[in-house]
Amino acid sequence: MKFQNKLKIHLLIIAVFTGTNFAFAAEKYAVIEKGAKLNISDCVKIALKNSPLVKQAHYNYKISKADVGLAKSGFFPTLGVGAGYNYNANKNDRFSSNMDYYSAEASLNQLIWNFGRTNARIKMQKFNKIAALYNFDNVVLQTIYGVKNYYYAVLAAKATVEINKANVQINERNYQRTKAYFNEGIKSKIDLVNAEVNLSDSKVTLVQAEKTYQNALVKLNNAMYVAYTPEYEIESTETFNFKTREIPVNLQTISDKTDLSKAPDAVADATLITGVEKLDVIENYKFKPFPYTFEECVKEADKNRPDLKAYSATIEAMKQSLLYIKREYYPSITGSVGYGYRDTSNTNSLNIGIGIKSSVNIMGKKYEIDSGKLQIDLAENTLEMAKQNMYFDIQNAYVNMIQYEKEIPLLAVKVKQTRENFELADGRYAVGLGDYIQLQDAKVNYNNAQHSYVQAVYNYNVSRSDLEKLIALPQEITVTVEDKKK
């Protein structure tokens with residue numbers, strides 16, 4: 001499946017994708033082509049293809065699957081074959097003799113019954129395979145939401161860069177206007193100096209915001225396990241849909257240097273230009289509230305969490321292991337058949353037998369059983385503790401998410417109010433009614449309100465993502481442990 005002309009994936013082997021899920025194969029990897037425009041689903045697909053942790057979980061599942069076959073092999077017969085050459089020399093005072101001969105033999109041994117030990121071992125390995133399957137699903141889940149959170153961090157950093165760019169423009173225009181006023185004798189020298197300082201501060205903040213943006217990109221690329229990435233772009237999400245200009249992702253030019261220390265070019269008619277920037281980044285942001293109540297989230301987690309399922313399967317495997325240990329008190333009944341041949345006298349032999357055998361250290365086995373019981377109790381306690389932690393983790397994430405749901409519209413109003421206040425202060429300063437401190441306070445409040453708004457949207461998305469991970473919501477983009485067609 002191609003990423004709809006957004007992303008081209010180079011594969012070492014060809015795989016067939018079905019719907020939005022795809023069968024996992026450890027040999028394939030994904031790279032990003034220059035100029036690609038990725039959405040969050042594309043980034044998740046790349047991570048699932050490239051993640052060594054997903055591959056490791058896949059190999060562990062394959063090993064557990066082989067262990068089931070190994071356990072079943074106990075019911076199959078053991079075949080033995082052999083051939084040899086023998087030479088004997090005997091000598092005494094009266095005579096001597098030499099004899100050599102060839103021999104061949106074959107044997108077949110079959111377990112008849114060992115009082116359920118082999119069955120217990122098979123069941124134990126089957127539960128281990130189930131646990132490995134759920135562990136794989138859990139690694140996939142962690143990978144998906146790891147990418148999502150880093151993706152949101154990039155979007156937040158990108159919005160912050162936009163805000164700081166606008167802030168630099170505001171300070172540049174204000175500097176030019178104040179300079180013009182100063183030259184005309186309308187404003188004092190201190191206003192001009194303050195305008196210069198504020199312009200320098202805004203440029204420093206922009207540099208820091210760009211650094212944060214680049215670091216966020218590094219973490220996202222790391223989450224996708226893609227190095228040496230060319231320039232590409234990312235799209236907004238349904239719950240992080242700021243209307244910003246696209247900022248290409250390009251870490252290959254990370255060492256490029258830009259001189260931000262020089263003064264801005266003069267602006268014509270600076271005295272008539274407003275210093276207020278209205279950003280589209282804040283306008284028309286909408287999100288759909290989370291569709292589940294807290295109680296429904298807990299029920300979904302009980303039903304979906306792969307790590308809890310892996311715990312349960314592991315406990316069942318431990319119970320079968322304990323059963324296997326207990327049954328070692330019982331003997332094993334085996335059957336055997338063998339055939340031998342010697343060429344010395346053209347001798348053929350056939351033997352058939354049934355044997356019963358038992359060998360056990362009674363005291364050692366007792367303590368082994370006691371240890372097995374305690375390990376099961378410990379595992380069950382760990383599972384119960386995990387369920388308790390799950391409940392409180394969901395509760396905490398849900399409270400955080402609801403808080404940010406309520407904060408976002410309030411902060412949006414605050415942004416509009418601080419912008420209006422800034423416009424009024426800017427207008428008063430332009431006609432000589434307001435002082436520079438009043439103007440600066442209004443500008444700082446407006447800028448801070450925008451940053452708080454973006455941070456709240458980021459916090460909301462991360463809290464929502466954490467909640468979705470905690471309840472293990474079914475994913476549209478995921479990966480299976482093996483191709484079901486096989």
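In the predicted model, the side chains of Lys-366 and Asp-370 meet in a salt bridge at 3.1 Å, N to O, where a salt bridge is a side-chain nitrogen of Lys or Arg within 4 Å of a carboxyl oxygen of Asp or Glu. The two residues sit four apart in helix H7, about one helical turn. Helices (H or I, at least four residues) and strands (E, at least two) are DSSP runs, numbered from the N terminus. Lys-366 is partly exposed at 40% relative accessible area, and Asp-370 is partly exposed at 29%. On this scale, buried means under 20% relative accessible area, exposed over 50%, and partly exposed in between (1.4 Å probe, protein chains only).

Within it, Glu-316 and Lys-319 pair at 3.7 Å, N to O; both belong to helix H6, three residues apart, or about one turn of the helix. Lys-319 also meets Glu-380 at 3.8 Å, N to O. Since Lys-319 lies in H6 and Glu-380 in H7 (residues 362–430), this pair ties together parts that are 61 residues apart in sequence. Glu-316 is partly exposed, at 30% relative accessibility, as are Lys-319 at 34% and Glu-380 at 33%. A search of the whole structure turns up nine salt bridges.

Helix H6 (residues 306–326) also holds Ala-317, and this residue is buried, with a relative accessible area of 4%. Setting aside neighbours within four places in sequence, Ala-317 is in contact (heavy atoms within 4.5 Å) with Met-124, Phe-127 and Asn-128. Asn-128 is 189 residues away from Ala-317 in sequence, yet the two are 6.0 Å apart in space, C-alpha to C-alpha.

On to the strands. Strand E5 (residues 96–113) and E7 run antiparallel and are joined by ten bridges, with strands taken to pair if DSSP finds at least two bridges between them. Here Leu-108 has Val-337 in E7 as its bridge partner. E7 also pairs with E8, again in the antiparallel sense, over eleven bridges, and Gly-335 stands opposite Ile-354 in E8.

Areas come from the Shrake-Rupley method with a 1.4 Å probe; for residues, only the protein chains shown count as cover. Strands E4 (78–91), E7 (332–342) and E8 (347–357) each supply at least two patch residues, and E7 gives the most, with three.

As for the chain overall, it has eight helices and nine strands, and 41% of its 486 residues count as buried. Among contacts between residues at least 6 apart in sequence, 81% join residues at least 24 apart. The chain exposes about 27,300 Å², with carbon and sulfur atoms supplying 53% of that area. Disulfides (pairs of cysteine sulfur atoms within 2.5 Å) number zero. Cys-43 is buried at 0% relative accessible area, and Cys-297 is buried at 0% as well.

Residues are numbered from 1 along each chain as its sequence is written, and side-chain values use heavy atoms, leaving out hydrogens and water. Because this is a predicted model, local features need pLDDT of at least 70 and side-chain atom pairs count only at pLDDT 80 or more, while totals for chains, interfaces and linings use all residues.
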